[in-house]
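Please consult the sequence and the model as they are read.

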Amino acid sequence: MQEMHTHEIIPSTGKPSNLSSYEQTYATFRWEDIHAEFSWHTTGKVNMGYEAIDKHTTTHRRDKTALIYADDGGAQTFTFEEMRKFSNRFGNAFRSLGVQKGDRVFFFMPRTPEIYAGVIGALKIGAIVGPLFEAFMEGAVEDRLSDAEASVIVTTNALKSRIPKERLPHLKHIVLIDGEGELEDREASYKALIDAASEELDIEWVDLEHPMILHYTSGSTGKPKGVLHVHGAMLQQYITGHWVLDLREDDVYWCTADPGWVTGTSYGIFAPWLNGATNLIRGGRYSADRWYSTIQDYKVTVWYSAPTAFRMLMSAGDDDAERYDLTSLRHVLSVGEPLNPEVIRWGMKVYKQRIHDTWWMTETGAHMIVNVPSMDIRPGSMGKPIPGTKAAIIDDEGNEVPPYTLGNLALQAGWPSMMRRIWNNPAKYEEYFKLKGWYVSGDSAYMDEDGYFWFQGRVDDVINTSGERVGPFEVESKLVEHPAVAEAGVIGKPDPLRGSIIKAFVSLREDYVETPELLEELKQHVKTGLAAHAAPREIEVIDKLPKTRSGKIMRRVLKAKELGLPLGDLSTIED
Ligand code: PRX
């Protein structure tokens, strides 16, 4: 029985946009319709590096600004032609180190122009790019480099101490961006390599299915998994840049995500450049003033950020926003966490803009469920599936359920930017598709009578803190490495600013007693061993962790206890 529901609606402004009729395009669009946009339509081969940069240098965009890199010191700009040459040099530099098609080249460095040119350069020679978030500490870096058997990493003097090269036999070269002084074993100076490299390069033309980028992400069990995307992801990254980011020729587009995460590559590199847009990158740290002055000074028109950031800006106050001229903004989008209706209402008031939610995941490679400018926004809903894809809510047997029934958010497999593999782990890959071939996201949601999807939470124990995905297992493993910790169970605890914070329950070994110093030490242990964003903000010592008879920690019971909710089915508990 379908109940009556009313929804708050923020209507489209009706201004012209690239996807003028969602319904009509959804009904008629086929991926083949855009094949002719790409080189392989005629040659059978393709390369993301070419499509993102070089292609534009054969058009009116040759001397258009491709990259504005802004930080506290000012800005550097690069035209498409300059980026072509810069990335060519990088590609040649990698080749001079012996990098071949399919080799893994990692980037572990701050957000600077080099990482953007380096990623494109590595792709142009057919290497597989592996971006690492700058805040990762040794344990996190080692797990990823060793699983991927990376042969080259580009990094800085400050970060190289976190690369345990003695335990990474496959790692042949460590390219130091600022390596001017003495070089140690396996190290190479970026400057020397780039100076010696030609500005012209023979592109490695590859098949659509050739691997392109490896993003490590967390699940609820096991080590982080390497999600592999192929060059063919460009179809979807391109078209969602057009439809969803609504990019136009004279836009200045700013995506606030770091290239260590998928948003920072799919929408911080590929989508804007496939569309020939001017891509603004902001280095340095967040502050409301820095961010607003970035919008004001560079006249940002399209802005892609995340709920935690919007909530932080909101808590900085309306006055702060009002001191800046933000009238250049034409289109604002959000990703990564549930976007609170309250934030949307605030955006209407302060930015005079609707904030458009987008839902997708590392595994999906590009937008899947979205709000486009021509659609009405229903605050609290993620929107509707992009044309060319199908989303559904399914039960645990893989059957579609009626509107308003809570279930698994699933996608019909086969969209162009779908991951193609989990690196070294085919079984993990298969698990995603075990319900009648659907891709099962791990999110729970429902659909309303008009096909809008509403996010409700995670099905598994994966934690989303400030839009960053953290696997409890990694944090637990790090905690039990500490001599004081016997066992650990980690959960996400709801938090008004960050969505969730990480809370750890630990039991201590016999000789240890709980002190504030010890708890602080445990936090630091995770912070310095894994990453700051993965460190628990709260730690509670308990005598014994709830476990199943097979010894698995029951995080669900810890969470229920934390939130004061019923403990649920305890039939499998140990005692
Ligand atoms: O739980 C969903 C949440 O983030 C997860 C994917 O995280 P990650 O792979 O790190 O990718 C983040 C950016 C693409 C999802 O399973 N998530 C993402 N977008 C939204 C969201 N939750 C609610 N609303 C969203 N718009």
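Helices (H or I, at least four residues) and strands (E, at least two) are DSSP runs, numbered from the N terminus. This is a predicted model, in which local features need pLDDT of at least 70, side-chain atom pairs count only at pLDDT 80 or more, and totals for chains, interfaces and linings use all residues. Residues are numbered from 1 along each chain as its sequence is written.

Q: In which helix is Met348 found, and with which residues is Met348 in contact, leaving aside its neighbours within four places in sequence?
A: Met348 is found in helix 13. Met348 counts as partly exposed because 15 other C-beta atoms lie within 10 Å; a residue is buried if 20 or more other C-beta atoms lie within 10 Å of its own, exposed if 12 or fewer, and partly exposed in between, with C-beta atoms placed from the backbone. Two residues are in contact if their C-beta atoms, placed from the backbone, lie within 7 Å. Leaving aside its neighbours within four places in sequence, Met348 has contacts with Ile10 and Arg354.

Q: How far apart in space are Met348 and Ile10, C-alpha to C-alpha?
A: In sequence, Met348 and Ile10 are separated by 338 residues. In space, the C-alpha to C-alpha distance between Met348 and Ile10 is 9.5 Å.

Q: Is Lys352 buried or exposed?
A: Lys352 lies in the loop between helix 13 (341-350) and strand 14. Although Lys352 is not a glycine, its phi is positive, about 55°. Because 11 other C-beta atoms lie within 10 Å of Lys352, this residue is exposed.

Q: Where is Lys299 placed, and what is its phi?
A: The loop between helix 10 (288-298) and strand 12 holds Lys299. With 15 other C-beta atoms within 10 Å, Lys299 is partly exposed. Lys299 is not a glycine, yet has a positive phi of about 50°.

Q: Which residue of strand 13 is the bridge partner of Ser305?
A: Strand 12 (residues 302-305) is covered on both faces, with Val302 and Tyr304 buried on one side and Trp303 and Ser305 buried on the other. Two strands pair if DSSP finds at least two bridges between them. Strand 10 (residues 252-255) pairs with strand 12 in the parallel sense over three bridges, and Trp254 has Trp303 as its bridge partner. Strand 12 also runs parallel to strand 13 (residues 331-335), joined by four bridges, and there the partner of Ser305 is Ser334.

Q: Why is strand 9 largely enclosed by the rest of the structure, and which residue of strand 19 is the bridge partner of Leu228?
A: Strand 9 (residues 225-230) is largely enclosed because six of its six residues are buried: Lys225, Val227 and His229 point one way, and Gly226, Leu228 and Val230 the other. Strand 8 (residues 211-217) pairs with strand 9 in the antiparallel sense over six bridges, where Pro211 is partnered by Val230. Strand 9 and strand 19 (residues 421-422) also run antiparallel, with two bridges. In strand 19, the partner of Leu228 is Arg421.

Q: Which residue follows helix 17?
A: In helix 17 (residues 555-563), Arg555, Val557, Leu558 and Lys559 are buried. Their cover includes helix 15 (472-481), strand 24 (485-495) and strand 25 (499-508). The residue after helix 17 has a positive phi, near 70°, and is Gly564.

Q: How far apart are the C-alpha centres of domain 1 and domain 2?
A: The domain assignment, whose bounds come from an automatic or database source, gives domain 1 (72-205) and domain 2 (462-563). Six residues of domain 1 are in contact with seven residues of domain 2. The C-alpha centres of domain 1 and domain 2 are separated by 34 Å.

Q: Which residues are the closest to the ligand?
A: The ligand is surrounded by 21 residues, where a residue is near a molecule or strand if its C-beta atom, placed from the backbone, lies within 6 Å of it. Helix 9 (262-274), strand 14 (355-359), strand 20 (439-447) and strand 21 (453-458) each supply at least two residues of this shell. The closest are Trp359, Met361, Thr362, Phe455 and Arg469.
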